[in-house]
Amino acid sequence: MQPTDLADLIRRTAIFAHLDEFQLEMLARRMRWLCLPGGQYLFEADEPSEALYLLRSGSLGVFDGPSTLMHQLAAGDCVGEISLLSGGNHHLSVRALRDSELLRLDVADFEAMVERHPTTMLAVARTATLRLLQNQHRVPSPNRPRTFAMLPAHRGVPVRELAQQLATAMEPYGHCTVIDAELGRDRGSDWFAEREAWAQFVLYLDDDRDPEWRQRCLRQADALLLPALAAQAAQPWTEFAPGHPARTEHRPRHLLLLHERGEPERGSAQRWRAPFSGSLMHHHICGEGDIERVARLVTGHARGLVLAGGGARGLAHLGAIKALRDAGHAFDAVGGTSIGAIIGAGVAHGWDTDTMLRRYFEAFVSSRPLSDWTLPLVALTRGRRASHMLREAFGDSEIEDLGKPFFCVSTNLSGAGRAVHRTGPLWLWLRASSAIPGVLPPVLHRGEVHVDGALVDNLPTDVMATDGIAHLTALSIHGGMALRAGIDDVATPPWWRLLLQQRRGPRWPGLVSTLARAAMVNSEETSERCRALAHRLIVPPLERVGLLEWKSWRRAVDAGYRETLRVLEAERKDREPGCDSL
């Protein structure tokens with residue numbers, strides 16, 4: 001690369017943008033080119049700082065410890081400036097997420113440049129301060145891939161058609177170009193760097209299973225797209241065998257399961273996921289709308305829905321979902337806790353609004369799942385009616401069989417705390433997520449004890465935010481959940497007097513309501529933080545609906561519907577031209 005070409009690249013970097021043409025060319029002559037293979041460290045924590053680096057092409061990850069990805073750096077970003085300013089050792093590690101090219105400016109050359117151009121120090125200090133603020137909060141950044149490798153599992157997968165459809169679906173978020181073996185074979189690294197600089201997204205396509213070109217696709221990719229025909233027997237990808245260079249950590253892998261029918265084939269995801277180890281997302285593709293959803297998910301433009309627990313008050317989610325759908329809002333991923341998880345599973349399953357209203361009315365109001373009272377040695381109810389209700393609603397489906405990505409949260413009392421479930425029997429983990437301690441028996445699974453997720457995280461927006469979902473709609477059950485008493489006392493009176501008092505008007509809170517409310521107290525502080533992560537927060541007023549007043553379902557549904565319309569109308573007014581916004 002000529003110094004003038006390097007100068008063009010350096011000019012686009014905020015730290016050096018103030019330099020004139022002569023200064024940029026002089027700086028370019030002092031920089032050294034460096035190639036860093038995917039998976040290799042640029043530097044590790046506690047190593048001395050020796051240089052400032054400018055990423056020309058590829059992708060770098062900034063890690064806190066061996067596995068926590070804090071930030072992802074793209075072409076044009078600088079790294080190493082914090083340690084360079086402090087003069088000490090590196091605090092975090094940086095390694096290549098894929099094959100990368102960098103420009104290195106040694107510390108002596110950096111100091112000489114600052115001596116001649118002091119304003120450079122101000123630009124570096126600003127960049128370093130922003131990076132320090134990010135590191136201080138220790139919040140992992142969402143992964144925003146720009147280059148993708150589409151690697152089919154076997155012959156017969158219509159990868160070229162799929163690649164073109166996916167590229168078209170990515171266009172609303174930036175230009176996408178497709179590079180296949182015919183176009184990219186025998187090209188040099190400069191050629192690929194130019195294409196990646198020109199396009200927002202690059203899709204490297206292996207459509208003839210040429211081993212050399214397939215390796216090139218792997219080296220160029222921020223994320224891997226792995227299409228397969230769902231109905232066929234699962235086959236392992238050779239690239240993910242132990243010791244293969246494709247096993248670079250923190251490179252997102254997306255399994256694309258193509259279905260001939262209009263719905264996911266039961267068990268296909270579990271079968272195709274089996275050969276993999278480590279993190280893997282899977283996506284069912286049954287039609288054009290699914291390809292658009294995958295495009296949003298893999299590029300970091302997806303929209304997620306998170307539903308909170310809240311007993312009978314959670315039926316407000318049904319009204320909110322109806323209002324959102326009526327207004328044209330759809331969601332690419334769903335998660336929730338307790339009744340929020342149960343209703344969210346219906347959304348992920350693809351049920352329409354009328355089906356959801358009918359099924360959940362039958363499940364919670366007609367079937368009375370908390371009516372199988374028993375001697376309270378473990379809980380007030382046996383839990384069989386609740387389990388039967390969930391089996392009736394969802395059958396033997398696995399979470400992996402749902403049409404959209406879904407998770408639910410339970411509390412693991414065996415030491416793990418919050419447990420996030422993305423795989424396994426759907427009814428089982430919904431039952432665990434809603435197991436109110438003392439009301440429903442816990443779920444015992446492989447020696448561990450699971451109860452209601454509301455104990456630790458009643459509104460798990462943090463889980464979905466970590467997944468890289470760009471826009472979060474959260475439905476929170478919050479206001480008016482405090483229990484009130486009509487009498488001051490510390491011990492219950494004889495049963496006959498208590499019964500008499502309760503007939504005259506509620507004075508002592510009921511046992512079931514007390515247990516249900518107690519299950520949610522510990523997560524209030526967490527829920528406050530999680531509410532702040534939502535881009536659209538809906539909190540229906542539900543003071544007139546008790547936690548277990550299932551007969552008030554219509555009141556809850558209507559409250560959710562009206563509040564959602566109010567929130568959407570407020571959003572519309574904020575978008576109007578000339579509207580002042582804070």
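This passage looks at one strand and its neighbours, and then at a pair of packed helices, in a predicted model.

We can start with strand β7, which spans residues 93-96. Both of its faces are covered. On one side sit Ser93 and Arg95, on the other Val94 and Ala96, and all of these residues are buried. Strand β7 pairs with strand β2 (residues 41-43) in the antiparallel sense, over two bridges. Within this pairing, Phe43 has Val94 of β7 as its bridge partner. Strand β4, made up of residues 60-64, also pairs with β7 in the antiparallel sense, here over four bridges. Gly61 finds its bridge partner in Arg95 of β7.

Turning to the helices, two packed helices are described by the angle between their axes and the distance between the axes. Helix α6 (residues 159-170) packs against helix α11 (residues 288-299) at an angle of about 65 degrees, and the two axes lie 9 Å apart. Angles of 65 to 115 degrees count as roughly perpendicular, so α6 is roughly perpendicular to α11. The crossing of α6 past α11 is right-handed. From α6, the contact draws on Leu162, Gln165, Leu166, Ala169 and Met170, while α11 contributes Ile291, Glu292, Val294, Ala295, Val298 and Thr299.

Key: Residues are numbered from 1 along each chain as its sequence is written. This is a predicted model: local features need pLDDT of at least 70, side-chain atom pairs count only at pLDDT 80 or more; totals for chains, interfaces and linings use all residues. Side-chain values use heavy atoms; hydrogens and water are left out. Buried means under 20% relative accessible area, exposed over 50%, partly exposed in between (1.4 Å probe, protein chains only). Two strands pair if DSSP finds at least two bridges between them. Axes are lines fitted to C-alpha atoms, for helices over the stretch in contact, and angles run from 0 to 180 degrees between N-to-C directions. Angles under 35 degrees count as roughly parallel, over 145 as roughly antiparallel, 65 to 115 as roughly perpendicular and the rest as oblique. A crossing is left-handed if the near helix is turned anticlockwise from the far one by less than a right angle, and right-handed if clockwise. Contact means heavy atoms within 4.5 Å.
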